[in-house]
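Here is a short briefing to read alongside the model. Keep the viewer open and follow along.

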Amino acid sequence: MRIMYIMLNKLCIFLAGFVLILPLTAASDESALLLKSRELTAEYASLLQAELKAAMSTGGPVAAISVCQDRAPAIASELSRRSGAKIGRTSLRFRNPGNAPEPWQRDVLVEFDTGSSQEFFAKTDAGETRFMKAIPTGGVCLACHGQTLSAEIQDALDAGYPHDRARGYEPGQIRGAFSIVWPVAETQQ
């Protein structure tokens with residue numbers, strides 16, 4: 001009887017330890033995806049900013065418009081392919097209808113606009129993990145997104161983005177967000 005009690009006690013201790021490890025593993029997996037999400041966002045922002053800066057220095061804001069139109073989706077596609085996540089940009093006032101927010105992204109963007117946060121990270125009930133990082137409007141952004149645009153910029157935007165809603169920003173306003181969605185397969189690794 002005593003041996004059975006000792007074995008049962010050891011089993012209970014083992015199971016208690018095992019149960020405690022499970023949440024830590026899940027939290028660790030989520031922490032790893034949060035770090036990966038931040039790294040990918042920083043890489044995307046850095047690559048895009050470098051190309052925008054180069055275009056601005058050689059051809060001014062009109063040249064930068066083509067970077068946002070052509071290169072930004074290409075950079076997102078390359079990072080998505082390499083990482084396994086779906087990477088992009090979105091905004092409540094989008095320039096490209098292809099970047100219109102999904103309902104969950106719209107909710108996060110509204111939160112960003114209130115100033116309560118600038119980063120979002122959550123796992124859905126379906127097992128997908130979602131990350132968003134706000135994009136504040138900087139001084140350089142105002143050349144194409146500000147309240148006062150040159151006629152040349154307006155013409156270029158009208159030609160490239162007939163449904164443009166991304167004008168009229170002031171410095172510091174949240175212009176949109178980087179978005180990363182990790183599929184279920186990635187969140188279970």
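The notes below cover one serine and its surroundings, then aromatic rings and charges over rings. This is a predicted model, where local features need pLDDT of at least 70, side-chain atom pairs count only at pLDDT 80 or more, and totals for chains, interfaces and linings use all residues. Residues are numbered from 1 along each chain as its sequence is written, and side-chain values use heavy atoms, leaving out hydrogens and water.

- Ser-91 sits in the loop between strand E1 (86-90) and helix H2 (103-114); helices (H or I, at least four residues) and strands (E, at least two) are DSSP runs, numbered from the N terminus.
- With a relative accessible area of 7%, Ser-91 is buried (buried is under 20%, exposed over 50%, partly exposed in between, with a 1.4 Å probe and protein chains only).
- The Ser-91 side chain reaches the backbone nitrogen of Arg-93 at 3.1 Å, and a polar atom of that side chain lies 2.5 Å from the backbone oxygen of Arg-175.

**Aromatic rings**
- The count comes to two aromatic pairs (rings of Phe, Tyr and Trp, the last by its six-membered ring, with centres within 6.5 Å; planes under 30 degrees apart are stacked, over 60 edge-to-face, the rest tilted).
- The ring centres of Trp-104 and Phe-120 are 6.0 Å apart with planes at 35°, so this pair is tilted.
- Trp-104 lies in helix H2 and Phe-120 in strand E2 (residues 119-123), so the pair ties together parts 16 residues apart in sequence.
- Trp-104 is buried at 13% relative accessible area, while Phe-120 is partly exposed at 26%.

**Charges over rings**
- The charged end of Arg-165 sits over the ring of Phe-94, 4.5 Å from its centre (the rule asks for NZ of Lys or CZ of Arg within 6 Å of the ring centre and within 35 degrees of the ring normal).
- Arg-93 lies over the face of Tyr-169, 3.9 Å from the ring centre.

Technical notes:
A polar contact is a pair of N or O atoms within 3.5 Å; within protein, one must be able to donate a hydrogen and the other to accept it, and residues adjacent in sequence count only if both atoms are side-chain atoms.
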